[in-house]
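Subject: Structure for your review

Dear colleague,

Please find the structure below, followed by a summary of what was found in it. I would be grateful if you could read the two side by side.

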Amino acid sequence: MIISIASGKGGVGKTFVSTNLALSIEEENVQFLDCDVEEPNAHIFLKPQIELIEPVNVLVPEVNENKCTYCNKCSEFCAYNAILVSPKKIVIFPELCHSCGGCSLVCTVNAIKEIPFKIGNIYKGKYQNIDLIYGELDVTRPLAVPIIKEVKKRIDKEKIVIVDCPPGASCPVIESVKGSDFVILVTEPTPFGLHDLKIAVDVISGLKIPFGVIINRSDIGNKDLWDFLERKNITLLLEIPFNRRIAEFYSNGIPVISYMPNLKEKFKILFEKIKMMVKK
C-alpha cells in the first residue's frame, strides 16, 4: 500500500505527520520516500545510516557546430528557450532543457546529440524497520520532477510505502502522488490553510485518488475549515492540537512519538483507518 502525505500549503506539518506515521507502524516493513527534493528533511528525524548515493542525470543537447547550418529549427522547436541560435554561434541553457529530445529530431544535418547533465542525487539508507530513499536537487537546478521519478522507481510494493510530497499543487506534487492508494492532506485552520487546501483537494479529486484530511494545530484559527470539510463530505482523519512540546521536539529533529505515546497510538489508529478506507 502506498500512502502519500501532501499539503496545499507549506509549513503545516506534512513531514511531521509522515515521519511520525512511519515510526508508529513499527510492526510493518516500511519504505519511506522523501519526494520533497528541493528541501528534503525527513532524514533529520529518521536519522538513517546512508548506504548508497546515486547521481541523477538528464539528457541535454550538445551541438556540433562543424555540422550546424544555423537554420534555427532547433531553437524554434524548443518551447522552453533552452537553445539560442545566433548567426555564428549556438548557446545551450541546460537548466531550461526538459530533455524531450525534439531538437535532435528536427535537426536536418544530425548536428545535435544528447549528453548527461547532473541535476541532483538519490540517497538510500535505513533506520530500524524503515528503508529511507530521498532525492536532493542540486542548487541552481530547477527540475524537480526527474528526481522524483527516480525516487519512485525504487518503490517496493511489498512494503508499506510512505511518500512525503512537496508542498503545493504543481507538477512535483502530481508526480509524487501518482499511483498512490491513499493521500493524506495536511492543513491548518487558517485562511491561508483553507485556501491552499481547496486547491489540493481539486487536484487529488481530479486524479481520483481516495484522500482524507488531517488538521494540525487544530485549536488555532477559525472554524471555516470544518465547515468546508462538512460541505464537501471530506473525511477528517485526525486533529492534532497545538502543543509547545511538539514544536520543541520538532525544532530539535526529535520524533515526537518517542516522548508522547498517546500521539503514537493516534497514528496507529490512523493507519488502521486508512487501511479500511483503501479496502472499500
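A search of the whole structure finds 15 salt bridges, a salt bridge being a side-chain nitrogen of Lys or Arg within 4 Å of a carboxyl oxygen of Asp or Glu. This is a predicted model, in which local features need pLDDT of at least 70 and side-chain atom pairs count only at pLDDT 80 or more, while totals for chains, interfaces and linings use all residues. Residues are numbered from 1 along each chain as its sequence is written, and side-chain values use heavy atoms, with hydrogens and water left out.

One of the salt bridges joins Glu 65 to Lys 89, with 3.7 Å between the closest N and O atoms. This pair links distant parts of the chain, 24 residues apart: Glu 65 belongs to the loop between β3 (49-63) and α3 (73-77), and Lys 89 to the loop between β4 and β5 (90-92). Helices (H or I, at least four residues) and strands (E, at least two) are DSSP runs, numbered from the N terminus. Glu 65 is partly exposed at 26% relative accessibility, and Lys 89 is partly exposed at 47%. For these classes, buried means under 20% relative accessible area, exposed over 50%, and partly exposed in between (1.4 Å probe, protein chains only).

A further salt bridge is formed by Arg 141 and Glu 95, whose closest N and O atoms are 3.6 Å apart. Arg 141 lies in the loop between β7 (130-137) and α5 (145-152) and Glu 95 in the loop between β5 and α4 (102-106), so the pair ties together parts 46 residues apart in sequence. Glu 95 is partly exposed, at 31% relative accessible area.

Glu 150 and Arg 154 also form a salt bridge, at 3.4 Å between the closest N and O atoms. Both residues belong to a network of salt bridges that links Glu 54, Glu 150, Lys 153 and Arg 154. Glu 150 is partly exposed at 22%, and Arg 154 is partly exposed at 25%.

Turning to the interior, strand β9 (residues 182-187) is largely enclosed by the rest of the structure, because six of its six residues are buried. On one side these are Phe 182, Ile 184 and Val 186, and on the other Val 183, Leu 185 and Thr 187. Strand β1 (residues 2-7) pairs with β9 in the parallel sense over four bridges, pairing requiring at least two DSSP bridges between the strands. Within this pairing, Ile 5 has Ile 184 as its bridge partner. Strand β10 (residues 211-216) runs parallel to β9 and is joined to it by five bridges, with Thr 187 opposite Ile 215.

Helix α1 (residues 14-24) is mostly covered as well, with 11 of its 11 residues buried. Among them are Phe 16, Val 17, Leu 21 and Leu 23.

For the chain as a whole, there are 10 helices and 11 strands. The C-alpha trace spans about 70 × 45 × 35 Å along its principal axes. Of the 280 residues, 49% count as buried. Of the contacts (heavy atoms within 4.5 Å) with a separation of 6 or more, 73% come from residues 24 or more positions apart.

Yours sincerely
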